[in-house]
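Trainee: I would like to learn how to read a model like this one. Can we take it feature by feature?

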Amino acid sequence: MANSYLKSESKKLATWYFTVAATLFGAQLLFGLVAAAQYVIPGFLFEILDFSVARMLHINALVVWMVFAMFGSVYWLLPDETGIETVGINLGKLLFWIFTAAVTVVVLVYIFIQVGAADETSIWFIHEGREYIEAPRWADLGITVVALGFVANLFMTGMKGNRSGIVTVLMADMIAFAGLYLTGMFYTDNITVDQFWWWWVIHLWVEATWEVFVGAIAAYGLITMIGAHRKVVEMWLWIEVTMLFGSGILGMGHHYFWIGTPEYWWEIGALFSALEPLPLVAMFIHVLYDWGKMQGEEDAKGQEISVITNKPAFTWFVLNAFGNFLGAGIWGFFHTLPQVNLYTHGTQFTSAHGHLAFFGAYATILVGMMYIAVQGKNGIKVLNNTKSTIWATSMIVGGVVGMTVALTIAGYSDVIISRAQMGATWAGYFDAQATTWLVQGMVWRLLMGVVTFVGFIFLAKDLLTIGKSANHVR
Amino acid sequence: MAKKSVWSDNRFWQRTAAWITGFASVLLIWLTFDTSAQISMGTDADIQSGVTKRVPGPTVINYKIAYEFNKKRQHEIPVIGGMNAEGTSAFQEKEKFFGRDDWSEAEASEMLRLGKLGSQSKNCMNCHTLLGNGAYYAPDLTKAWLDPAWGPTGSMQAMTGKSTKEEAMAEFLQHPSQYPTHSRMMPNLGITAEEAKGLVAFLKHMSSIDTNGFPRNFGKIQGAVNGK
Amino acid sequence: MVDEALMSRDILVDDFLTIFVSSTLVLIFGGFYVGIYTAVKVKLLKQWTMPFAYLFWVLTAYCLYLMGSLMHVNELTAKALVVAAIGLLLLPHAVYYMQDHVHQENEH
């Protein structure tokens, strides 16, 4: 972690966060492979590391690596945006170690203890058994402390230094992000109430606050990488916030169709879900527009140089604009209306959407931020692609898209057999699982998962070594 | 130079963002109050006086539960204790649960609590779906209590050699890897006899929740959909 | 709000594929419309390609209609879909108009 180019402590801290994030990304893929293999070879690690445990690790590592990378991204851009060193940086470093240690303990408990008795002790110390936010309650409290410390640093720095539009959006967004976590911590006997509040965390994170976060990071990226005009980008960011929160907050309705909540959520969910793709389309145009505009200005000067100062990161940012639209937009939209969701809810379709949306909307841009950090850390003016960059990018993208297509085909079979024809019974479920499409789909998903993992190894190698490559402009 | 227009004014958009976000949030909070009132768990008194709640009280385990098509709502709804003239729950017909149909509110709540805690600590949701949410590695549990496979002529009940649905389910939950259900087997999760009872109560209670007709055409076999 | 039942009819088994494909195409065509429009405006594409942008919007609207009718959506949802289609039609215009304004203010 030692280097000579980073003067800012905040940026050093950011590189720590990115390091842990990338490690957890690897862990996510590894446990995903175990779970994917269990679909194909049912006895694989049976009663040693069961599907439930592998999947819990898979999705928790996902959430946590993204949170680490998000914290890292904020610590990275704060000095650039505010013009000052981050206030409370030592607190930030302390919280980083607490967070990392807590995550390690949680993971070890997941792997070695796995399940507990049906009592509150298990909820406090093993896991809460609620998808995505399984972390036991002691860790919940720890995460809250860490998140509050992080938000405090962000606020103190934003208020002391130059509070740019991007920083303002991040401040509002991150406090909502931290606050929403609290709604998912309590226990109730009522499964409907349980899932109602559970979605407050999951939905309002993933389809509202995280999306706005991505908007802010994309704005920062466009300014730093292609020199887009700050005023345009920041105005655009406010429009995005309007559209994302305007559709996303009430888009929550699409999770309240079938969990025991009243029927009026059908109408609310349908209306706002239909609007949810619009900001994603808009974000996509925005990147295209700014790139075209800036390159056009450069070309007008008669110079045949690209305006992009960080090729790998920009590639990932463009993949983000595209992937967000594809994964969250298209793959979300085609099963979001209640009329069709009645048949698709809780099938492999959801899984297909989940994979492409998390990857397209979040993984891409966070990997992009890692490349920006690598560039800054090595003091490079223009960072170019290496062979590993190209292998990593194409294998990861190809792998995830391949998994998504495989899961979509499996999901179609699942919907038609188990839902439309068999009315969602156990017999219907197992009939659907036995269809050729689903069985083959799962084999392809595993293969594509392996491709993704190999891509990740290239990515890790590239992030570690690209700074030393000779083909950059220093 | 173009004129200063409100559409290209940063402050205008900043305010719009704040107002729209605030408005959406207030609406969500207001709807949350309304929904919370509608999804709070009912009581034994509600059941006694024939009040239908979206999430009935725990003593619903003393009654027969069915899932029938309702003409007015155009989808299936849970029907508890037999159907009345309007096609909704009559709360009359009882059904023995582990040999009793007079579980008190305290006893039933205790069982449900144990079951709900069990559903979390045993990590059900990372293989199964509950109310359609969770993983897709194993069948949906939303209406598992009503599933024909667990009924008197169902394969699952027959496999355990028990004579009632609840005993069959409890037996299976305690020793899942003894029963060859499918190549994808359920692992042994150390579920005790008491916990199993609680989990079955939890499943029976969950099947009585009004899920707006999810899952559709539950239990209808092939052909019924096109035949309508 | 719910006097008209949302799920009055089941979706036919044979209609599912059409529904999934058309709703996917809604956004793909929509993306083409927006993409071509923006690309023409920032001069990445020639002016004569513009009619194709609008052609894609028409296809988008048709796919929305097809999807909605096969799903048997109720009136409110149908209205929401129309609003979404018109919103998509206006979106790139509004965005371009605003972006151009800001650019002019900043560059001259």
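Trainee: How many bridges join strand E1 of chain B to strand E2 of chain B, and do they run parallel or antiparallel?

Mentor: A caution before the answer: this is a predicted model. Six bridges join E1(B), residues 65-70, to E2(B), residues 75-80. The two strands run antiparallel.

Trainee: Where does Phe91(B) lie?

Mentor: In the loop between E2 and helix H3 (105-121) of chain B. Phe91(B) has 22 other C-beta atoms within 10 Å, so it counts as buried. The cut-off for buried is 20 or more.

Trainee: Is His72(C) buried, exposed or partly exposed?

Mentor: Partly exposed, because His72(C) has 16 C-beta neighbours inside 10 Å. It is not a glycine either, yet its phi is positive, about 55°. Find His72(C) in the loop between helix H2 (50-71) and helix H3 (75-107) of chain C.

Trainee: Which peptide bond is cis?

Mentor: The one from Phe214(B) to Pro215(B), with omega near -5°. Pro215(B) sits in the loop between helix H6 (193-207) and helix H7 (224-227) of chain B.

Trainee: How far can I trust chain B? What is its mean pLDDT?

Mentor: The general rule comes before the number. Where pLDDT is low, the predicted coordinates should not be read in detail. The mean for chain B is 91, and 94% of its residues reach 70 or more. Over residues 222-228 of chain B, though, the pLDDT is below 50. Beyond near neighbours in sequence, that stretch has twelve contacts in the model.

Trainee: Next, helix packing. What describes a packed pair?

Mentor: Two packed helices are described by the angle between their axes and the distance between the axes. Take H2(A) and helix H3 (residues 89-112) of chain A. Their axes come within 11 Å and cross at roughly 175°. That angle makes H2(A) roughly antiparallel to H3(A).

Trainee: Which residues make the contact?

Mentor: From H2(A), Val53(A), Met56(A), Leu57(A), Val64(A) and Tyr75(A). From H3(A), Gly92(A), Val103(A), Val107(A) and Tyr110(A). By class, the residues are eight nonpolar, one polar and no charged.

Trainee: On to the interface. How many residues of chain A are in contact with chain B?

Mentor: 66 residues of chain A, and they meet 74 residues of chain B. Several helices of chain A each supply at least two residues to this side, including H2 (51-82), H7 (191-226) and H13 (348-377). H8(A) gives the most, with nine residues. The side of chain A that touches chain B has 33 nonpolar, 21 polar and twelve charged residues.

Trainee: Last, chain C. How many helices and strands are there?

Mentor: Three helices and zero strands. Along the sequence, the pattern is α-α-α. Of the 108 residues of chain C, 42% count as buried. Now sort its contacts by sequence separation. Of those with a separation of 6 or more, 70% are between residues 24 or more positions apart.

Technical notes: Residues are numbered from 1 along each chain as its sequence is written. Chains are lettered from A and ligands numbered from 1 in the order in which they are written. This is a predicted model: local features need pLDDT of at least 70, side-chain atom pairs count only at pLDDT 80 or more; totals for chains, interfaces and linings use all residues. Two residues are in contact if their C-beta atoms, placed from the backbone, lie within 7 Å. Helices (H or I, at least four residues) and strands (E, at least two) are DSSP runs, numbered from the N terminus. Ala, Val, Leu, Ile, Met, Phe, Trp, Tyr, Cys and Pro count as nonpolar, Asp, Glu, Lys and Arg as charged, and the others, Gly among them, as polar. Axes are lines fitted to C-alpha atoms, for helices over the stretch in contact, and angles run from 0 to 180 degrees between N-to-C directions. Angles under 35 degrees count as roughly parallel, over 145 as roughly antiparallel, 65 to 115 as roughly perpendicular and the rest as oblique. pLDDT is the predictor's confidence in each residue, from 0 to 100. A residue is buried if 20 or more other C-beta atoms lie within 10 Å of its own, exposed if 12 or fewer, and partly exposed in between; C-beta atoms are placed from the backbone. Two strands pair if DSSP finds at least two bridges between them.
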